[in-house]
Amino acid sequence: MEFKKNQEIIITIDDLGNNGEGIGHVNGYALFVKDALPGETVRAKVMKCKKNYGFAKLLDILAGETCDVGRVEPRCPVARQCGGCTLQHLSYEKQLKYKQKKVRDCLERIGGVGRGVPGTPGEEEERIDQVAAKEAEGRDRIEAEAGERCQAGARWLPIIGMEEPWHYRNKAQFPVQMRKGQDGVFRPAAGFYAGRTHSIIPVTDCVIQHRCMKEILDAVLAWMREDGIPAYDEERHQGVVRHVYIRRGFYTNEVMACLVVKEEVAERKAYDRLVERLKGVEGMTGVLVNYNTEKTNVILGSRMELLWGKEYIEDCIGGIRYRISPRSFYQVNPVQTEKLYRTVLEFAGLSGRETVWDLYCGIGTISLFLAQRAKMVYGVEVVPEAIANARENARLNGIRNVEFFCGRAEEVMPGMERERRSAADVIVVDPPRKGCDGVLLDTIREMAPERVVYVSCDPGTLARDVRVLGEFGYEVRKVRACDMFPQGGHVEVICLLSKLHAKQTIEVELKMSEMDLTTAESKATYEEIKDYILERHGIKVSSLYIAQVKQKYGIIERNCYNKARDNEKKIPQCPPEKELLIEDALRYFKMI
């Protein structure tokens with residue numbers, strides 16, 4: 001069946017995508033329908049078409065029992081338009097099941113976890129699937145079912161949910177724009193970007209942000225109106241206020257407000273009037289202005305100025321106090337962060353005799369948490385400002401069995417090993433969304449710790465790195481998801497890998513007749529693969545990288561994309577994050 005743009009169709013939704021969008025299929029053609037849920041039959045309008053998939057806008061829900069699919073009324077009146085909360089229309093119990101399934105699917109499909117791996121017999125896997133297929137009847141039921149899965153495979157632990165999944169965020173970055181009112185007058189407005197746009201949906205009372213954010217945002221907008229301070233226009237690169245950036249300490253109630261501007265205000269005393277407004281907010285300890293003069297999507301610029309109070313706030317996790325500056329990485333959900341770190345500590349299995357390396361350590365949040373039970377903890381981070389904060393946090397808490405290094409872990413760790421100071425018993429990694437650097441994974445192999453605890457905010461890149469660590473002799477022992485982002489599609493994962501000491505090997509014979517590679521290659525062109533990745537992930541890939549990944553899977557190449565035009569030139573190699581996206585496309589087109 002061939003679809004056309006603006007065509008209205010009726011389709012049944014059978015799955016949820018990575019960002020919580022509904023997915024329906026018609027004769028093998030996939031349509032992504034935002035705000036639709038599995039089990040619903042909907043009327044939708046086709047907005048964009050590709051060869052094998054497209055995107056559609058939800059118009060009406062024609063069938064599907066609300067109690068069965070989990071549909072609820074969103075608390076936020078602009079939830080559907082806003083690009084922030086992609087799952088507010090789904091009950092929280094169903095959100096947890098979706099995220100648990102998302103983690104498991106990635107680790108099984110990409111990482112190879114649980115597929116013919118020792119410790120997960122086939123009959124147990126069948127029982128796990130039967131348990132997962134049951135309907136949930138509340139939070140207790142979800143915990144019980146997940147616990148049953150854990151016992152079956154000695155691997156899958158129940159997802160850590162929230163008792164109150166609202167108003168949990170301790171950090172907000174509100175973009176500001178001039179918007180035309182019903183009276184024709186342009187006034188400053190703040191809120192969040194609509195999905196896949198830079199057009200603001202005005203909202204100051206966000207249901208997942210802490211309630212103090214509204215008071216601060218309203219005060220800044222009132223100041224802008226009364227002092228005639230214009231918002232920034234990113235198309236013309238003119239105006240003043242770009243963002244309102246807010247951080248709050250959950251346990252200390254300390255609040256910091258930072259105004260991000262493109263240029264100075266016309267009258268310097270205007271800042272004094274802003275400070276007077278914000279000083280009245282409960283817990284306010286510092287007001288700053290950040291100057292970002294570049295034409296960029298990066299929020300913070302290079303220059304920071306303190307207008308009043310302190311340049312930082314402090315907060316506590318598990319009895320450890322942390323100093324947090326505007327640029328510091330600090331988890332946005334403080335209630336779940338403590339549960340996350342306690343799980344990391346549990347997985348690390350520390351007895352007080354171990355040397356631990358914490359890679360991508362940031363301001364030392366996990367490092368200091370682990371130092372409570374370790375002999376020695378070494379933290380590594382490439383950002384100098386973060387390392388300075390980490391050292392200050394260690395001093396604040398009187399923790400002496402920790403040392404921080406600024407640099408790349410793959411460079412720092414081998415040097416320490418040569419000095420016989422750093423035999424690693426446990427390595428903890430908490431990388432950004434793109435996952436671990438390939439050289440760093442090689443360094444972990446060389447350091448050969450007994451255990452690796454991997455904390456990830458992206459199940460896909462976690463699965464890719466788990467697969468690599470598996471090739472290095474590490475097996476996944478435990479997996480636990482933690483819902484750090486209720487009402488959104490993202491999920492945090494903690495994964496424990498232990499080094500295998502068994503000497504036995506398994507030989508597998510593959511008969512090439514079972515996989516017609518020429519047929520596989522013919523299923524999608526290079527341009528179709530590129531289009532799929534660009535539409536699905538917003539990232540461009542080259543024909544060279546696609547050729548390298550196809551070669552890895554033994555797919556015959558008709559064109560010599562993988563050959564250097566000049567034999568003396570070095571061929572660039574596909575980065576791991578793009579390799580993952582290309583593999584996803586090859587699986588989508590059933591080429592692997």
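**Salt bridges and helix packing in the predicted model**

Glutamate 346 is partly exposed, with a relative accessible area of 45%, where buried means under 20% relative accessible area, exposed over 50% and partly exposed in between, for a 1.4 Å probe and protein chains only. The structure is a predicted model, in which local features need pLDDT of at least 70 and side-chain atom pairs count only at pLDDT 80 or more, while totals for chains, interfaces and linings use all residues. Residues are numbered from 1 along each chain as its sequence is written, and side-chain values use heavy atoms, with hydrogens and water left out.

Glutamate 346 forms a salt bridge with lysine 478, the closest N and O atoms being 3.9 Å apart; a salt bridge is taken as a side-chain nitrogen of Lys or Arg within 4 Å of a carboxyl oxygen of Asp or Glu. Lysine 478 is likewise partly exposed, at 30%. By this rule, 37 salt bridges are counted.

A further salt bridge joins arginine 467 to glutamate 583, with the closest N and O atoms 3.1 Å apart. Because arginine 467 lies in helix α12 and glutamate 583 in helix α16, this pair ties together parts that are 116 residues apart in sequence; helices are DSSP runs of H or I with at least four residues, numbered from the N terminus. Arginine 467 counts as buried at 17% relative accessibility, and glutamate 583 is buried at 0%.

The angle between α12 and α16 is about 105°, and the two helices are therefore roughly perpendicular to each other, a class that covers 65 to 115 degrees.

Conventions:
Axes are lines fitted to C-alpha atoms, for helices over the stretch in contact, and angles run from 0 to 180 degrees between N-to-C directions. Angles under 35 degrees count as roughly parallel, over 145 as roughly antiparallel, 65 to 115 as roughly perpendicular and the rest as oblique.
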